[in-house]
Amino acid sequence: MTVKLYEDDPYLREFTATVTKVEGDWVVLDRTAFYPGGGGQERDRGTLDGLEVTGIKGKEEISHQIPRHNLTVGSQVKGVLDWENRYGLMKAHTGEHLLFSSLSRRTEMELVKISLSKEKKVLIVKGHLDWDMVRDAVHEVNDIIAAGAEVTCQHVNRENIGEGGPRVKLDRISDRMVRVVSIGEHDSAACAGVHLKNAMEVGMLLVSKFTSAKPAGDWEIEFQVGPEAVRTAVDHSVRSLMLAERMGALPQDSLTAFDNRDRELTKAREALKTYGKLALSSLQPEKLGEWKFYSGSFTGLDRKLVMEKANEMVADGNSIAALVCQDDKTFLVLACSADVKLDCVSLLNSVLSQHGGRGGGKPNFASGGTSVQIEPSVLLAEISRLLITR
Ligand SMILES: [Zn+2]
């Protein structure tokens, strides 16, 4: 049985202990301040006699993995925690309890998973959630943090836990005694993790990501605490102010301004498509040798639409269509009727290759482009010349 120093003093950064068992790389100590992980909180990091602890396991007997150690039973060791990592995890864990309870005061919700590490702090829940609830919950959490609330731990007999008691999934706990972590009057939950003494130490909590997750109905909530949360909040705030300025709106109106612009963009796209179809349909062929030759250049049109229209133009027989679609690059479509014996792919490539571009397709339909803008009349003139001289 290893004495869990982190339970009585979560702020203990260094300790001495005696080795009670050695199994290869794994060393059991009579007491430890290293939290083996659990309740979603990642295991501690640090060193034992200067050697990195690469794994921690066990419940009653806590075993520490120390590759290349030369410890034996009875050895005295000094443990040093990576305190920055641990203190960050304590802030994250206390913050997570506050966030979950604040959210559950707003909607019926079920906890799916917690994952707290230095790099990422994630809460996955199932329920009906939206951005307004997230914002209100985060406000509430930060109010509690600012006011401060004492965090206490006590072991409660599972038989005494009833309706209205702490949040607990008794089916997941086998022990008779359940460790309950309470944050003032705000939250009370079964938890084996390492917590702060006072919620004030969290400093600040910020939700940095809120997205729907699989399966449907699950939500992934990523959050940050302490100085990291402050930095992100400032970055997000400045970016949001810059965005509002570019939208020509007040920050509080920027979402409405974005929606309005989105609607305008959809309308403009639809109008462009309508006029594009009209322009493509009114294109008249000229005579080129024995063929009807459709050629034209269109700026900003959807490439798929241009390809569809090229196919329609050559459907009648004895026709060739060369259409250029111009945006920040130049896209060329070359199509011919089934009765026209042309290799559109090689013809298209002999034109595009002169401008560093290329394309592909079938003998009677090819398309391709260049990575820069090429004057459409140049491409079309080259195609006409090649068709006449072939
Ligand atoms: Zn917990």
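Residues are numbered from 1 along each chain as its sequence is written. Because the model is predicted, local features need pLDDT of at least 70 and side-chain atom pairs count only at pLDDT 80 or more, while totals for chains, interfaces and linings use all residues.

**Overall dimensions**

The protein chain contains eight helices and 22 strands, where helices (H or I, at least four residues) and strands (E, at least two) are DSSP runs numbered from the N terminus. Its C-alpha atoms fill a box of roughly 100 × 55 × 40 Å along the principal axes. The radius of gyration of the protein chain is 34 Å, whereas a compact globule of 390 residues would have one near 21 Å; the radius is taken over C-alpha atoms, and the globule rule is 2.2 Å times the number of residues to the power 0.38.

Of the 390 residues, 32% count as buried. A residue is buried if 20 or more other C-beta atoms lie within 10 Å of its own, exposed if 12 or fewer, and partly exposed in between, with C-beta atoms placed from the backbone. Among contacts between residues at least 6 apart in sequence, 58% join residues at least 24 apart; a contact requires C-beta atoms, placed from the backbone, within 7 Å.

**Helices α7 and α8**

Helix α7 (residues 344–352) packs against helix α8 (residues 376–389) at an angle of about 130 degrees, with the axes 10 Å apart. Axes are lines fitted to C-alpha atoms, for helices over the stretch in contact, and angles run from 0 to 180 degrees between N-to-C directions. The two helices are therefore oblique to each other (under 35 degrees is roughly parallel, over 145 roughly antiparallel, 65 to 115 roughly perpendicular, and the rest oblique). The contact involves L347, S350 and V351 of α7 together with L379, E382, I383 and L386 of α8. These residues divide into five nonpolar, one polar and one charged.

Not counting residues up to four places away in sequence, G46 touches F34, V53, G79, V80, L81 and D82. The C-alpha atoms of G46 and P376 are separated by 66 Å, and these residues lie 330 apart along the chain.

With the same exclusion of residues up to four places away, G127 touches T107, E108, M109 and E110. G127 and E7 are 120 residues apart in sequence, and their C-alpha atoms are 33 Å apart in space.

Technical notes: Two residues are in contact if their C-beta atoms, placed from the backbone, lie within 7 Å. Ala, Val, Leu, Ile, Met, Phe, Trp, Tyr, Cys and Pro count as nonpolar, Asp, Glu, Lys and Arg as charged, and the others, Gly among them, as polar.
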